Amino acid sequence: MHSDKAPWGLRLAAWGGLLFLHFPILIILLYAFNTEDAAFSFPPRGLTLKWFTVALARPDVLDAISLSLQVACLATLIALVLGTLASAALYRRSFLGKESLSLVLILPIALPGIITGIALLSAFRSLGIEPGVFTIVVGHATFCVVIVYNNVIARLRRTSQSLIEASMDLGADGWQTFRYIILPNLGSALLAGGMLAFALSFDEIIVTTFTAGHERTLPIWLLNQLSRPRDVPVTNVVAMLVMLVTMLPILGAYYLTRGGDAVAGSGK
Amino acid sequence: MPLAVQFTQVSRTFGEVKAVDQVSIDIAEGEFFSLLGPSGSGKTTCLRLIAGFEQPSSGSIRIHGLEAAGVPPYQRDVNTVFQDYALFPHMNVLDNVAYGLKVKGTPKAERHSRAENALAMVALAGYGARKPAQLSGGQRQRVALARALVNRPRVLLLDEPLGALDLKLREQMQVELKNLQRQLGITFVFVTHDQTEALSMSDRVAVFNRGRIEQVDTPRNLYLNPATPFVASFVGTSNVVRGALAEALSGSPAPFSIRPEHIRLGAAGPDSRHVQVEGLLRDIQYQGSATRFEVQLDSGQLLAVSQANDSWQAMPQAWQPGQRVQAHWPQEAMTQLQDTEAY
């Protein structure tokens, strides 16, 4: 029988695990409001919002934020287009080399970021492309495409084939069927895939280190802050911001794809 | 009579499997034509060949005299009612019905009024704003019908459209579909595995078995003169007698079919030309309008006999299981069959 209450040992272990996972994050959140600027005492002597004003007044912080947003938006856009096209090509037809092609598509997310980064850097060098915003975007797009591809192909597989046939039967050509039937059914999968891709790109650091050149995205800025102890409260504020920007889309994507079953194939 | 759909020696193979094997059919304009067979017999593949979702591996299909090969589904003057209805879940009922008009560029006002009319025709006026998920199975089925009919196709294809409905609703829809077809004069091609449904609605029925057509005929002829053992046992129930017993009873070595309701229990009159047999009464089943007897002849052959309970009085039961009985039927009631495998 299933009992409502777990044994206290298990509950203690579960809470312990959660605390272990999230304690460092809680510390960062807490010290973003700390009144001291260098030596930290626990518990904090007082709480203040002044670091938010300080952080938002610094041009290097603002530049890094705006670059990261720019890169994430571009990478997401590329991923949405390429990921959708790739999944549309691969979900139904079988052709020679299909399996290896889908493996190659998914590979960037399985490869260690450091490999992707080195590979991209040497590729850009041999092509004579200067590292900059463009190379960061391309680097991020390699794994963002996979996220969109996985989301879209899962939705396509769940979409009843007879909906597409019904559309063709009623006189719609391929483009009209895509526009009126397939795309609306993909809507939430695209949104979810896009949000996840955005979140991944926004806090990516390993691939970015190799492809950024002199540009500084927010995660790189944060990494550089480690050598400046006097700025720690500002760093905490920025870290909190990164957390919010990446966490909210992931939560959103989770809720969007969760209800996806009701969308497709409700004819049965 | 002009032909709506014509199959000439059409085959469709999937790898090694012959889903449709050398099928030739002529479907006349305005006909209610059924494709009847067990699942996997090729009837749905034939329907999909007409709709254009499948291409024949060999043979030719003509729709209203025009070769259909290479014509995509959206350029064919046929519409389909799908087995799972395939209503677009993200559109309301009115937009579902108006979809075919929309993609053909019909102005909004006209397509909405035509869609409303089509909904009224299937008794769903006022349901336009609902989503498919808010409808019952029977209502979805009607929406699917309206969505196909609003395009005024010359041929309507129906893929087991009543399969998901309960019995009462199914019988009601059978009558409505038949009336609709008479009223509109459109050719209906109706796929079903339910022989009662096929018999009661169709002008003609093609019986499918393993990708081939066993017989194409009117319901009455199909029932009274089945051509093969398969048709005899798939359409209604029948006793198929083969071999030495067939030769002894009918004078010909070919198998023959005798319907249970054409057999009488008891002794035939002395002057009649009836076939007379004798055996052990194994079982009696009272079924309301009829009583069913199972007689085992001395050769081992089982014979199903059905007698109508057509008197309102409760008749005294004249037979008991385990006793020996005689049974007889008129010579003419036997139908000689082609010597093929039974179902």
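How much area is buried between domain 1 of chain B and domain 2 of chain B, and what share do carbon and sulfur atoms give?

**Before starting.** I am working with a predicted model, where local features need pLDDT of at least 70, side-chain atom pairs count only at pLDDT 80 or more, and totals for chains, interfaces and linings use all residues.

Entry 1: I looked up the bounds, which come from an automatic or database domain assignment. Domain 1 of chain B spans 3-229 and domain 2 spans 234-336. Their C-alpha centres lie 39 Å apart. For contact (heavy atoms within 4.5 Å), I found 13 residues from domain 1 of chain B and 11 from domain 2 of chain B.

Then I took my opening question. The buried area is about 990 Å², and carbon and sulfur atoms give 64% of it. Buried area is the accessible area (1.4 Å probe) that two parts lose on being put together, summed over both. On the domain 1 side, Tyr223(B), Pro226(B) and Pro229(B) lose the most, together 53% of what that side buries.

I checked salt bridges (a side-chain nitrogen of Lys or Arg within 4 Å of a carboxyl oxygen of Asp or Glu). The count between the two domains of chain B is 0.

Which helix gives the most to the domain 1 side that touches domain 2 of chain B? I read helices as DSSP runs (H or I, at least four residues), numbered from the N terminus. Both α6 (195-201) and α7 (219-224) of chain B supply at least two residues there. α7(B) gives the most, with 3 residues.

**Entry 2: chain A against chain B.** Next I turned to the two chains. Their contact takes 23 residues from chain A and 26 from chain B. They bury about 2,100 Å² between them, 60% of it on carbon and sulfur atoms. Glu165(A), Asp169(A) and Leu170(A) supply 33% of the area that chain A buries here, more than any other three residues.

I counted 1 salt bridge between the chains. In a salt bridge, the side chains of Arg48(B) and Glu165(A) meet at 2.7 Å, N to O. On the chain A side, α7 (161-169) and α8 (174-202) are the elements that give two or more residues.

Methods: Residues are numbered from 1 along each chain as its sequence is written. Chains are lettered from A and ligands numbered from 1 in the order in which they are written. Side-chain values use heavy atoms; hydrogens and water are left out.
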